[in-house]
Amino acid sequence: GTKAEATVSGEQPGSFGLSSCPSPGMETLSDLSLGCCGTFCFFCLGCKIAKDMDECCCCGPSVAMRTRYRTLYRIPGSICSDCLAATCCAPCNLCQLKRDINRRQELGIF
């Protein structure tokens, strides 16, 4: 991974944990609103993510979108872990993707 990836994740290069559910602690008010959006407006958040990635709105909450994002930024993981995250922890999955997209946009690497 690059130094920018390490900055976004807060972890060492190459250990970016996109496949795991984010911690329940909210860092800022924007994280809280993102968590509410993921919980109560799941498909709206999925559409926002798809729009960020120039994809069809239907692709937002999918395993394919998570896998595409992970491979695009060379984040370690597998299709199996993507499927598990998108299926078992769907709101966390979308919140995690959107939070990472927002951080990469702030750093100018998205």
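Author: Let's open with a term: a polar contact is a pair of N or O atoms within 3.5 Å; within protein, one must be able to donate a hydrogen and the other to accept it, and residues adjacent in sequence count only if both atoms are side-chain atoms. This is a predicted model, where local features need pLDDT of at least 70, side-chain atom pairs count only at pLDDT 80 or more, and totals for chains, interfaces and linings use all residues. Residues are numbered from 1 along each chain as its sequence is written, and side-chain values use heavy atoms, leaving out hydrogens and water.

Reader: Thanks! Which backbone oxygen does the side chain of Ser81 reach?

Author: Ser81 sits in helix H5, residues 79–88 (helices are DSSP runs, H or I, of at least four residues, and strands are E runs of at least two, numbered from the N terminus). At a distance of 2.8 Å, its side chain reaches the backbone oxygen of Ser78.

Reader: Is Ser81 buried or exposed?

Author: The cut-offs are under 20% relative accessible area for buried and over 50% for exposed, with partly exposed in between (1.4 Å probe, protein chains only). Ser81 has a relative accessible area of 17%, so Ser81 counts as buried.

Reader: Which helices do the buried residues of H5 pack against?

Author: Those residues are Ser81, Asp82, Ala85 and Ala86. Seen down the axis of H5, they fall within an arc of 125° (taken from the directions from the helix axis to the C-beta atoms), so they line one face of the helix. On the other side of H5, Ile79, Cys80, Thr87 and Cys88 are exposed. The buried residues pack against helix H4 (63–72) and helix H6 (90–107).

Reader: What pLDDT does the protein chain average?

Author: pLDDT, the predictor's confidence in each residue from 0 to 100, stays under 50 over residues 1–17 and over residues 19–26. In the protein chain, 74% of the residues score at least 70, and the average is 78.

Note on methods. Contact = heavy atoms within 4.5 Å.
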